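This report covers domains, their interface, a ligand site, salt bridges and backbone geometry. Please view the sequence and the model first.

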Amino acid sequence: MTPTARPALVAVAHGSRDPGALRTVTALLERVRALRPDLDVRLGHIEIDRPLLPDTLADLRGEAVVVPLLLGRGHHVKHDIPHTLASSGRHLTARVAAPLGPHPLLAEALYGRLVEAGWDHDGPGGRGSGVVLAAAGSRDPESAVDTRRTARLLSERLGGVPVLPAYASGASPTVSEALDALAARGRRRVAIASYFTAPGRFATQSAARAPWIAAAPLGAHPAMARLVLHRYTQVLTRVPVLGDTALTSALVCV
Ligand SMILES: C[C@@]1(CC(=O)O)c2cc3[nH]c(cc4nc(cc5[nH]c(cc(n2)[C@H]1CCC(=O)O)[C@@](C)(CC(=O)O)[C@@H]5CCC(=O)O)C(CC(=O)O)=C4CCC(=O)O)c(CCC(=O)O)c3CC(=O)O
Ligand SMILES: [Co+2]
């Protein structure tokens, strides 16, 4: 790395057995590169898909900013990424950005995906409509706090339509339970918003419950590319707080 080069942006995706996941995060990173051709943008995975994060880090020298393509403060963000960085060797100084969610740009991407799926704000759904925000779920309660914030932001973006979070694993309610809760409140047309970075088992399983429309995962939505760059820039303009990997960036020297 030359002294004037900017830190590499290392995006961390979860990985999935669904081949659409790798295609989708690759397309997202192409958008990121198109917005910032000056940046060295790399990809590493938590599991399943290659390259895995340790291999991506092994190829880098100098400085990097790790941007999780993950949506909240769950196990992967709090444990997997810091552990990988801590065991990566001394060739690299890496800082970790906050997870993508919650953020208004995510609400914008979720809104865009709902509209693509056929959400019609002024249509017959009107006051009788609702949304289930389907997320992966975590045993870490802070992850659910983050998902609930996103649900509120999406509800605001939809002009006050109720948005209930639901989880594929690790937390409750399930998508079916959230659908029942909205039906019990008289919501006749309920859409599934897909709070997943990429297609995968969880996204497919959640969409399969849809009584009406199901949106696509966030994927390479333009707002996602902007958010990835926002998280990267936030790290570079912020004073790092050691030991806090939650909402602020942590300085991890490896
Ligand atoms: C800890 C746990 C939950 C728990 O606490 O129990 C958990 C947590 C989280 N997963 C997240 C994301 C994804 N997980 C998958 C896939 C799998 N996840 C599985 C397990 C577990 N995942 C539990 C560990 C149980 C254990 O091993 O002990 C697998 C192995 C099997 C299974 O589900 O049984 C199955 C893969 C194998 C298969 O295909 O079979 C995909 C890909 C996909 O869907 O295909 C995505 C990306 C979705 C996207 O694209 O966004 C996030 C969101 C992070 C964020 O965005 O914030 C969290 C929350 C967090 O980080 O805590
Ligand atoms: Co998982």
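The C-alpha centres of domain 1 and domain 2 are 25 Å apart. Domain 1 covers 8–101 + 221–253, and domain 2 covers 104–208. These bounds come from an automatic or database domain assignment. This is a predicted model, in which local features need pLDDT of at least 70, side-chain atom pairs count only at pLDDT 80 or more, and totals for chains, interfaces and linings use all residues. Residues are numbered from 1 along each chain as its sequence is written, chains are lettered from A and ligands numbered from 1 in the order in which they are written, and side-chain values use heavy atoms, with hydrogens and water left out.

In domain 1, 20 residues contact 21 residues of domain 2; contact means heavy atoms within 4.5 Å. About 1700 Å² is buried between the two domains, and carbon and sulfur atoms give 60% of it. Buried area is the accessible area (1.4 Å probe) that two parts lose on being put together, summed over both. On the domain 1 side, Leu71, Arg73 and His221 lose the most area to domain 2. Together they account for 38% of what that side buries.

Four salt bridges cross the interface of domain 1 and domain 2. The rule asks for a side-chain nitrogen of Lys or Arg within 4 Å of a carboxyl oxygen of Asp or Glu. Arginine 73 also forms a salt bridge with glutamate 142, at 3.3 Å from N to O.

Helices α1 (19–35), α3 (75–86) and α8 (222–236) each supply at least two residues of the domain 1 side that touches domain 2. Helices (H or I, at least four residues) and strands (E, at least two) are DSSP runs, numbered from the N terminus.

## The ligand site

Which residues are closest to ligand 1? They are Ser16, Leu71, His75, Ser138 and Arg201, among 22 residues that surround the ligand. Here a residue counts if one of its heavy atoms lies within 4 Å of the molecule. Leu71 is also one of the residues that lose the most area to domain 2.

## Salt bridges and backbone

The whole structure holds 12 salt bridges. In one of them, arginine 95 meets glutamate 63, with the closest N and O atoms 2.9 Å apart. This pair links distant parts of the chain, 32 residues apart: arginine 95 is in β4 (residues 92–96) and glutamate 63 in β3 (residues 62–68).

Most residues other than glycine have a negative phi, and most peptide bonds are trans. The bond from arginine 50 to proline 51 is cis, with omega near -5 degrees. Proline 51 sits in the loop between β2 (41–45) and α2 (53–58). Isoleucine 48 lies in the loop between β2 and α2, and has a positive phi of about 70 degrees. Serine 172 and proline 173 are joined by a cis peptide bond, with omega about 5 degrees. Proline 173 is in the loop between β6 (163–167) and α6 (175–184).
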